[in-house]
Amino acid sequence: MLEFKAGKWQEIMDETKKRTILIHHRWIIAAFLLGISFLSACTNDTNIPVATPTKILNLIVQRQVEETRPTCDLTQRLTGTPHPTQKATPIPTQILPAFPVNEALSNNQRDQLIQAAQKYISPDPETAEATVKEMAYAKGATASLTCGPLAFAILQDAGLISPYLNLNDTWLVSPLPEKNETLFKEIFPEDEFEWLRDTTPIAEMDFTINPLQSGDFVYTFGGNYEHMFVVTRIDETGRAYTVQNIEQGYLNGDPDDTSFIIEETLLYDPDHPDEGVIYQWANPFFWKLGLTGTNGFQRFRPITPIEEPSPEKIALSETLDALISETGGKWNISIETLDGNILYERRPDESIHPASIIKVAIAAGTMHYLQEYGQEDPLSIQLSRGPAYNVMENDRSFKQLLRAMLVLSEEDAADILHENIHGSPLNEYTMLADWGLTHTRFRPRKSSTSELTELYRQLYNRELVSEEATGMILDWMLEYTPNDDLRLGRLKESLGSEITLYNKRGSLLNPQLIVADSAILVYEGNVYLINIFAFQDKENNVIYETLEVVIGEMGIIIGEWLIERNNLK
């Protein structure tokens, strides 16, 4: 029944298109004269031909739209599209077309994207609501407001963005700076994705010149709602498709059928620029039913190859993920080699409280201050003096303060050293930015596991401060204390005591529980950078002791995995 009605609707539209040339200009003049009432009547007349949207028509629509609908409540879709959607069926591997494709994605990844999208197709309202419920991203979520979580879920399942993104965080979000830009930067890092903001109404884009590509994530602005979708496939003729939530009435020709399904829809056909949902979104015949993209769009496109993980990396991820799932809590993790090979990461770019691990950066900043603004005496002489820029009571030298901060994790020492940096001519923000730590701050303390990993990389490579100063910081991180056998110290249980482990732990009880550990691990000539942070989740159902034990178990797992990895080489 669905296919019959869609086909019948197409026959009507094909016939009415023959009349478009004769009445198109006449219709525009009439629209100005008759105004809102005429346009309202047109939306219910299926025999009126669909006209290609223009800037003038968009202006008419914007003046008539009085109410703003929620993001993603899609109301105008596929009327007039000669490519009706079908029930979910496997789609064969794409034929590589003659037009440009995104080389950041492999053929296999493009196929995975198609397959990931197909899994969400729900051909009737009941199935669509069940699909949304199964996604479990928000209590009470419905198919009418699922465009963001659906698009992100497809990208996740295809392996194109982090699998650890919480879909609840993507519900009704916007990439605008005053809204959720920070989240979008975590999902689409600017060094890995192209950010394009175009204020041209999306229906006026010439997609023969600037075609969308598989894997593009698009956010539309303007009209009376905003929308998110991912380009899930491009066929051999250059037609672009997405899988999205859609009102069923625009597939079966019944304008009163506002129930939502999840279906593959044509975005545009480069050979027929009036066909596809992108043009439907700007068509004033349907302004009552919802318009979007009239103020342009923002596109996020992969520009660097997205790694397809090896079987051994998948094994490590599955083991750590299972442990985290069993434990609970919120985790941010980065495990890399010195040369940047990512072995495992979990929300590495999310801004977090770094607890005492920030003290390594404060130590490097102190050494940098001495190099730039200390006297020309040898470093050992400079370290024997006390801070000059300090409002806190202190009778200790730089060397004593640095050791107390790094080995004993003393907070007073950290505060004194930071006050000296902050009060000196050294601009700490410029220094951190020069080190590539653009989101790291000493006060209030914040960073990310990716930036802390970069800090360790440069520290070990002697890129932050002098060889002598670096050696002293690493020696203090290496100095043994009784708690060094806990957390990542348990790496020695699997790798043996001959490893070198430059280590700094971090803990915080209030205002939030944080248990963390970080290390530069040298094992069999290879260097690994590890940052693991565990937090209580919203339910606060984990305790300090549990998180500490689990980080230790992770240490054993990582050690055993490294042994196996080396054996495979």
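**Entry 1. Overview**

I take helices and strands as DSSP runs, numbered from the N terminus: at least four residues in H or I for a helix, at least two in E for a strand. The model I am looking at is predicted. I looked up the secondary structure of the protein chain and found 20 helices and eleven strands. The chain has 569 residues, and 55% of them count as buried. I then looked at contacts between residues at least 6 apart in sequence. Of these, 69% join residues at least 24 apart.

**Entry 2. Cis peptide bonds**

As background, most peptide bonds are trans. The bond from Arg-443 to Pro-444 is cis, and its omega is near -10°. Where does Pro-444 lie? I find Pro-444 in the loop between helix 16 (428–434) and helix 17. I noted a cis bond from Asn-510 to Pro-511 as well, with omega near 0°. Pro-511 sits in the loop between strand 9 and strand 10 (514–523).

**Entry 3. Positive phi**

Most residues other than glycine have a negative phi. Ser-409 is not a glycine, yet its phi is positive, about 55°. I place Ser-409 in the loop between helix 14 and helix 15.

Glu-524 is not a glycine either, and its phi is positive at about 50°. The loop that holds Glu-524 runs between strand 10 and strand 11 (526–535). Is Glu-524 buried or exposed? Its relative accessibility is 58%, so I count Glu-524 as exposed.

**Entry 4. Helix 14 and its partners**

I followed the Ser-409 loop to the helices on either side of it. Helix 14 covers residues 398–406 and helix 15 covers residues 411–423. Their axes come within 8 Å and cross at roughly 130°. Helix 14 is therefore oblique to helix 15. The crossing is left-handed.

Which residues meet across this pair? From helix 14 I list Phe-398, Leu-401, Leu-402, Ala-404 and Met-405. From helix 15 I list Ala-413, Ala-414, Ile-416, Leu-417 and Asn-420.

I then checked burial in helix 14. Phe-398, Leu-401, Leu-402, Ala-404, Met-405 and Leu-406 are buried. What do the buried residues of helix 14 pack against? I find helix 12 (358–373), helix 13 (379–383), helix 15, helix 18 and strand 9 (500–508).

**Entry 5. Helix 17 against helix 18**

Helix 17 spans residues 449–460, and helix 18 spans residues 467–478. The two pack at an angle of about 120°, with axes 10 Å apart. That angle makes helix 17 oblique to helix 18. Helix 17 brings Tyr-456, Leu-459 and Tyr-460 to the contact. Helix 18 answers with Thr-470, Ile-473, Leu-474 and Met-477.

**Entry 6. Aromatic pairs**

How many aromatic pairs does a search of the whole structure find? The search returns 21. I opened the one between Tyr-137 and Trp-171, which is edge-to-face. The centres are 5.9 Å apart, with 65° between the planes. This pair links distant parts of the chain, with its partners 34 residues apart. Tyr-137 is in the loop between helix 6 (125–135) and helix 7 (147–157). Trp-171 is in the loop between helix 7 and helix 8 (181–187). I compared accessibility. Tyr-137 is buried, at a relative accessible area of 3%, whereas Trp-171 is partly exposed, at 26%.

Next I took Phe-533 and Phe-535. They form a stacked pair, 6.4 Å centre to centre, with 15° between the planes. Phe-533 is buried, with a relative accessibility of 0%. Phe-535 is buried too, at 4%.

I also found an aromatic cluster. Its members are Phe-152, Phe-184, Phe-188, Phe-193, Trp-195, Phe-217 and Phe-300.

**Entry 7. Charges over rings**

I went back to Phe-535 and looked at its face. Lys-330 lies over it, 4.9 Å from the ring centre. So Phe-535, buried at 4% relative accessibility, stacks with Phe-533 and has Lys-330 over its ring. Arg-233 lies over the face of Tyr-241, at 4.1 Å from the ring centre.

Methods. Residues are numbered from 1 along each chain as its sequence is written. This is a predicted model: local features need pLDDT of at least 70, side-chain atom pairs count only at pLDDT 80 or more; totals for chains, interfaces and linings use all residues. Side-chain values use heavy atoms; hydrogens and water are left out. Rings of Phe, Tyr and Trp (its six-membered ring) pair if their centres lie within 6.5 Å; planes under 30 degrees apart count as stacked, over 60 as edge-to-face and the rest as tilted. Buried means under 20% relative accessible area, exposed over 50%, partly exposed in between (1.4 Å probe, protein chains only). A charge sits over a ring if NZ of Lys or CZ of Arg is within 6 Å of the ring centre and within 35 degrees of the ring normal. Axes are lines fitted to C-alpha atoms, for helices over the stretch in contact, and angles run from 0 to 180 degrees between N-to-C directions. Angles under 35 degrees count as roughly parallel, over 145 as roughly antiparallel, 65 to 115 as roughly perpendicular and the rest as oblique. A crossing is left-handed if the near helix is turned anticlockwise from the far one by less than a right angle, and right-handed if clockwise. Contact means heavy atoms within 4.5 Å.
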